[in-house]
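Reader: Please take one part of this model and describe it closely. I would like the cut-offs stated as you go.

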Amino acid sequence: MIGIIDYNAGNIASVQKAVEKLGYDAVLVDSPEQINACDSYILPGVGAFNQAMQNLAPLKDALVTNVKSGKYLLGICLGLQLLFDKSYEDGEYEGLHLIEGEVVRFPEDAGLKVPHMGWNKLVLDRDDELARGIDGHVYFVHSYYVKPADSSCIVMHAEYGVDVPAVVRNDNVVGMQFHPEKSSNVGMKLLLNYLEMCL
Amino acid sequence: MITKRIIPCLDVRNGRVVKGTKFQGLNDVDDPVNLAKFYSECGADELVFYDITASAEARDIFVDVVREVANNVYIPFTVGGGINKLDDFNTVLRAGADKVSVNSSAVKNPQLIHDAALKFGSQCVVLSIDAKYNEERESYDVYVNGGRVNTQIDAIEWARKGVELGAGEIVANSIDTDGVKEGFNIDLLNRLCDAVNVPIIASGGAGNMQHFLELFQQTNADAGLAASIFHFGEVQISDLKQYLLDNKINMRV
């Protein structure tokens with residue numbers, strides 16, 4: 001069973017519907033017991049880093065323990081950023097330390113609009129089962145992006161002044177900076193690739 | 001690089017789409033969910049739904065529509081109309097909307113933008129501005145209440161203030177060009193793009209495919225929004241996007 005972490009992080013119904021549409025069952029989970037009972041996870045997220053970490057606090061230990069035992073986790077958008085060591089969004093805050101690296105704001109002087117909002121093309125960095133059959137655009141909306149300490153975890157990126165890590169993977173820990181559940185057919189295929197990997 | 005966006009706008013009254021007509025192979029053209037699915041399949045990058053009803057009962061119907069759209073359409077969509085307080089944001093976001101647009105209510109109470117951005121994030125707060133040219137001042141005034149009341153507020157200043165308060169995107173509705181079908185208001189859009197650093201959605205004036213090309217060639221706007229030309233089938237979204245791509249505009253096709 002796939003558990004969608006329910007920690008008051010915005011539009012999680014869309015994620016659940018997308019997973020169900022692909023023929024998988026997903027439950028919303030909001031307690032350590034429920035988290036322990038799941039086989040894999042999706043961590044959605046909209047809003048600010050610090051608030052999200054605070055909301056996640058009661059579930060954090062259970063989630064991290066299960067993921068470190070090998071269960072798959074997919075972080076989406078802010079959920080991806082939470083996987084990292086720390087973020088500089090409105091201060092300096094610690095993340096889940098599941099992937100080494102930091103979360104930084106887009107440079108203001110690059111002449112680019114912030115947030116990075118809209119459809120951007122995915123560029124392949126390395127072969128991975130997550131990226132199989134993927135060619136096209138996905139929907140981004142974010143003002144901060146991740147800088148992994150080890151760039152070999154980047155499976156795909158998008159270009160927006162800087163190379164924005166879009167799909168990252170560290171063994172069983174996966175992140176997508178865009179919203180696959182809002183990215184039409186390409187997004188659904190990426191979600192499906194993740195779900196098939198979890199089996 | 002990021003693509004320019006094409007956004008059809010749907011006005012919803014009592015749970016039905018107003019002015020949806022000519023669609024081949026679409027039986028129930030007034031059904032917002034059907035139409036949303038159709039547009040999504042044609043390549044629409046986003047959708048905007050405006051609730052043009054006022055009564056509380058109709059409001060509940062609209063929220064049901066939002067929920068149904070969210071359950072069936074896998075592209076982002078914005079909801080506007082009748083958003084007056086923080087609680088209204090909460091209601092439509094919980095129902096599945098990705099972004100919420102405010103217009104008159106934000107002019108009356110700018111703090112609403114700030115509070116909503118703080119609570120739900122800037123990415124979901126869209127400031128919609130109805131602007132009309134003021135010949136005396138050679139600038140644009142902000143209008144409210146469906147374009148009926150001139151607030152005398154400068155539209156560019158209001159956009160700046162809105163972004164400072166936390167708006168993550170701006171919809172610029174040009175009253176001068178709206179319904180005329182002679183093209184978007186390039187002057188207004190250039191002034192806005194120079195003033196703020198968030199995405200700008202151009203609205204009002206699209207009459208043919210070339211108007212979108214002019215929009216993206218002559219301004220730094222991120223998206224073009226239109227209603228009737230899509231609803232009446234005058235312009236097919238898939239044709240429009242191919243045409244723009246052929247003319248070197250970055251598009252998702």
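Author: Leaving aside residues up to four places away in sequence, B:Ile153 touches B:Val107, B:Tyr140, B:Asp141, B:Val142 and B:Trp158, where contact means heavy atoms within 4.5 Å. This is a predicted model, in which local features need pLDDT of at least 70, side-chain atom pairs count only at pLDDT 80 or more, and totals for chains, interfaces and linings use all residues. Residues are numbered from 1 along each chain as its sequence is written, chains are lettered from A and ligands numbered from 1 in the order in which they are written, and side-chain values use heavy atoms, with hydrogens and water left out.

B:Ile153 lies in strand 8 of chain B, residues 149-154 (strands are DSSP E runs of at least two residues, helices H or I runs of at least four, numbered from the N terminus). With a relative accessible area of 30%, B:Ile153 is partly exposed, that is, between buried (under 20%) and exposed (over 50%), with a 1.4 Å probe and protein chains only. Its C-alpha atom is 17 Å from that of B:Ile113, 40 residues away along the chain.

As for the two chains, 28 residues of chain A and 30 residues of chain B take part in their contact. On the chain A side, A:Lys113, A:Met117 and A:Trp119 lose the most area to chain B, together 32% of what that side buries (accessible area lost on being put together, 1.4 Å probe). A:Lys113 also forms a salt bridge with B:Asp222, at 2.7 Å from N to O (Lys or Arg side-chain nitrogen within 4 Å of an Asp or Glu carboxyl oxygen). Strand 8 of chain A gives the largest share of the side that touches chain B, 6 residues.

How values were computed:
Buried area = accessible area lost by both parts, 1.4 Å probe.
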